[in-house]
Amino acid sequence: MAKEMKTLAKDTAIYGVSSIVGKFLNWLLVPLYTYTLEKQSDYGIVTNLYAWTALLLVVLTYGMETGFFRFANKDPENSQKVYGNTLISVGITSLLFALIIVLFYQPIANGLGYANHSEFIWLLGLTVAMDAFASIPFAYLRFVKRPIVFAGLKLLYVALNIVLNLFFLILCPWLMKVSPETVSWFYNPHYGVGYIFISNLLATTIQTVIMLKYIFVAKFIVDGQLLKQIFKYSYPLLFLGIAGIANQNLDKILFPFLQIGEGGKADLGVYGAVSKIAMVIMMFTQAFRYAYEPFVFAKNKDKNSLNIYADAMKYFIICSLLIFLCMVLYMDLIKFIIKSTYWAGLDVVPIILFSFIFQGIFFNLSIWYKLTDKNKYGAWFSAIGTIIILAGNIILVPKYSYWGSAGAAFGGYFIVMLLSYFFGQKYMPIKYDLKSFGVYSILTLALFGISHFIDTPYLILNL
């Protein structure tokens, strides 16, 4: 069992290069945005539209990543055929989506409140279409155990995105002051938010072109029966994915409709910035997921698999709680990541962090319905979470602003986590070390509570 844990840890570490390091580097764009954008409401626009793109990405992949893993592992000899059919399916739907966005971006922009900047819609629409298509080649790289290539391509995108953001938000404004003729022909100093979306599109396009090498290794022979089987397995994961990403982003999507006006966008900007601080735990969860999902399917036939899954959960919880403590105990330093005008929202970070921990535990628990082909349960659980978060936002946000959003997410994730655990014990009993989980959690909360009594005028002493 120790060997399996080492293998999982090794793959998690490699995927972490692209996930944790990559997301961390993108995370460092938060100070760039908060310090360079003219208003808090500008960052509110970024938060709102990227929440929409995250939801659309799940819709456009409709569970086909997991479907690919399931059927490629069932019949490894025909894995190229499975790969080709999933590529064809996701490629066609992504192309159709891109055409719809290009044709109808203005009405969509009007409906979302961005009539004066309708180009934001097609910029992000094309980006998300390419990202959805690229998700299948990335899944293929995980299947054939090419974590180095996977990490390299992910980091390439991150590097391109950062360089382009620095170019448009730092270098171009400086050139406008010292040598305006060099950039004035294409650069608008008041277009800040738009350059974030342009950078994203350019980086995604370059990454997609480079990935063509790993796209054309597939066998593009349409097999209607195979596609039907893959889709039948995957479509419940679509609803699961929609509910899951809605649970993460529904508050940011709804916020402009619940807190109307410039003040609402400013509050959303604050909430978006402090939520990014809390994303460290999500980075860890994502890296763990990249390694854990193929690991789970590969170890399904192992006689000790249930014990392996229990150990994986234990180490996941330990790492998550350690990250939580590192974040909350050193917030006196971490807060400088964002501009001081956003610090009013820092007190909500611990609630957001625990919401993300609950979500990570829910992902770990999800193995029981994925391995028993009962994906409908995952969809139901996530739907329940979505309903709770939706209702919580509608009720709480008009009165409590982003505190209401954070509270609704905390409650939704907690209930979904409990539901998945109790149903999982019925259909696929796994002996999780609940006693240890409780001890770790109580110790974490105790240390967090004690830290509130350590408040002196001296930063070093506090740390």
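**Close-up 1. Helices around the second largest pocket of this predicted model.** Helix 3 (40–61), helix 7 (147–178), helix 8 (192–210) and helix 11 (262–298) each bring at least two residues to the lining of the second largest pocket. Of these, helix 8 gives the most, with four residues. Helices here are DSSP runs of H or I with at least four residues, numbered from the N terminus. Local features need pLDDT of at least 70, while totals for linings use all residues. Residues are numbered from 1 along each chain as its sequence is written.

**Close-up 2. Inside the second largest pocket.** Here 26 residues form the lining, and Asp-42, His-190, Tyr-191, Gly-192 and Val-193 lie nearest the centre. A pocket is an open set of points on a 1 Å grid over the protein atoms alone, where a 1.4 Å probe fits, with protein on both sides within 12 Å along at least five of seven lines; lining residues have an atom within 4 Å of a point. The space amounts to about 480 Å³, a volume being what is filled by probe spheres set on the points, which are joined across faces, edges and corners.

**Close-up 3. The largest pocket.** This one has a volume of about 590 Å³. Look for Val-328, Met-331, Asp-332, Ser-451 and His-452, which lie nearest its centre among 19 lining residues.

**Close-up 4. Helices at the largest pocket.** Helix 12 (305–329), helix 13 (331–334) and helix 18 (434–451) each supply at least two lining residues. Helix 18 has the largest share, with four residues.

How values were computed: Predicted model: local features only at pLDDT ≥ 70, side-chain atom pairs only at ≥ 80, totals over all residues. Heavy atoms only, no water.
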